[in-house]
Amino acid sequence: MKYYRKILRIPWTERRTNQNILQELGMKERQLLKNIKQLKLKYFGHVVRHNNLEKLCLEGAVEGRRGRGRPRRRWTQDISDWLGFSLREASILAQDRDGFRSAVWEATSYKDPP
């Protein structure tokens with residue numbers, strides 16, 4: 001919603017409902033988040049199917065101790081949360097293109113809450 005407000009040049013101090021902003025844009029749901037999820041999941045499937053540097057970086061681990069405080073949210077945590085599988089299961093599913101496409105469609109086809 002923050003980016004939709006930026007598109008319309010609405011300051012954050014102006015009190016307007018999210019539904020009002022979506023109506024002004026002519027949208028029924030938050031399409032931007034849905035598109036980002038879909039593209040991210042598709043890219044994950046692409047990377048996992050090939051043996052290249054990106055796959056090595058995705059599966060690699062950093063040695064040493066982690067810093068203080070709360071751990072940062074990782075890119076792969078979004079993938080496992082959206083698909084509902086562990087990263088290993090999602091990697092295996094990505095080998096089957098049609099099965100992975102249907103899983104991506106299921107993960108992105110739900111209606112966002114208002």
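These notes walk through a predicted model, helix by helix and then pocket.

1. Start with helix α3. This helix covers residues 31-49, which makes 19 residues.

2. Next, the buried side of α3. K37, K40, L41, F44, G45, V47 and V48 are the buried residues of this helix. They cover an arc of only 165 degrees around the axis, which puts them on the same side of α3. Note that two lysines, K37 and K40, are on the buried list.

3. What does the buried side of α3 pack against? The partners are α4 (53-59), α5 (75-83), α6 (87-94) and α7 (97-108). Two of these partners, α6 and α7, get their own points below.

4. Helix α7 passes a similar length check. It has 12 residues, and at 1.5 Å a residue they should span 16 Å. The end C-alpha atoms of α7 are 16 Å apart, which agrees.

5. G99, F100, A103, V104, A107 and T108 are buried. They cover an arc of only 160 degrees around the axis, which puts them on the same side of α7. The face turned away from that buried side carries D98, R101, W105 and E106, which are exposed. W105 deserves a look in the viewer, as a tryptophan on the exposed list. The buried residues of α7 pack against α3, α5 and α6.

6. Helix α6 also has two faces. Its buried residues are A90, S91 and A94. Seen down the axis of α6, they fall within an arc of 100 degrees, so they line one face of the helix. R88 and I92 are exposed, on the face turned away from the buried side. The cover over the buried residues of α6 includes α3, α5 and α7.

7. Within α6, take A94. Is A94 buried or exposed? A94 counts as buried because its relative accessibility is 0%, and the cut-off for buried is under 20%. Leaving aside neighbours within four places in sequence, A94 is in contact with G45, V48, R49 and F100. G45 and V48 are among the buried residues of α3, and F100 is one of the buried residues of α7. A94 and Y43 are 51 residues apart in sequence, yet their C-alpha atoms are 10 Å apart in space.

8. Move to helix α2, which holds I21. I21 is buried, with a relative accessible area of 0%. Leaving aside neighbours within four places in sequence, the contacts of I21 are M1, Y4, R5, L8, I10 and R16. M1 is 20 residues away along the chain, and the C-alpha atoms of I21 and M1 are separated by 8.3 Å.

9. Check the backbone at R9. This residue lies in the loop between α1 (2-8) and α2 (18-25). Phi of R9 is near 60 degrees, a positive value in a residue other than glycine. R9 counts as exposed because its relative accessibility is 77%, and the cut-off for exposed is over 50%.

10. Last, the largest pocket. Its volume is about 150 Å³. Which residues line the largest pocket? The lining consists of C57, L58, G60, A61, V62, R74, T76 and L87. By type, these residues divide into 5 nonpolar, 2 polar and 1 charged.

Methods: Residues numbered from 1 in each chain as written. Predicted model: local features only at pLDDT ≥ 70, side-chain atom pairs only at ≥ 80, totals over all residues. Heavy atoms only, no water. 1 Å grid on protein atoms, 1.4 Å probe; cavity = no way out; pocket = protein on both sides within 12 Å on 5 of 7 lines; lining within 4 Å. Points joined across faces, edges and corners; volume = space filled by probe spheres on them. Nonpolar A, V, L, I, M, F, W, Y, C, P; charged D, E, K, R; others polar. Helix = DSSP H or I, 4+ residues; strand = E, 2+ residues; numbered from the N terminus. Expected span 1.5 Å × (residues − 1). Buried < 20%, exposed > 50% of the residue type's maximum accessible area, 1.4 Å probe, protein only. Arc of directions from axis to C-beta. Contact = heavy atoms within 4.5 Å.
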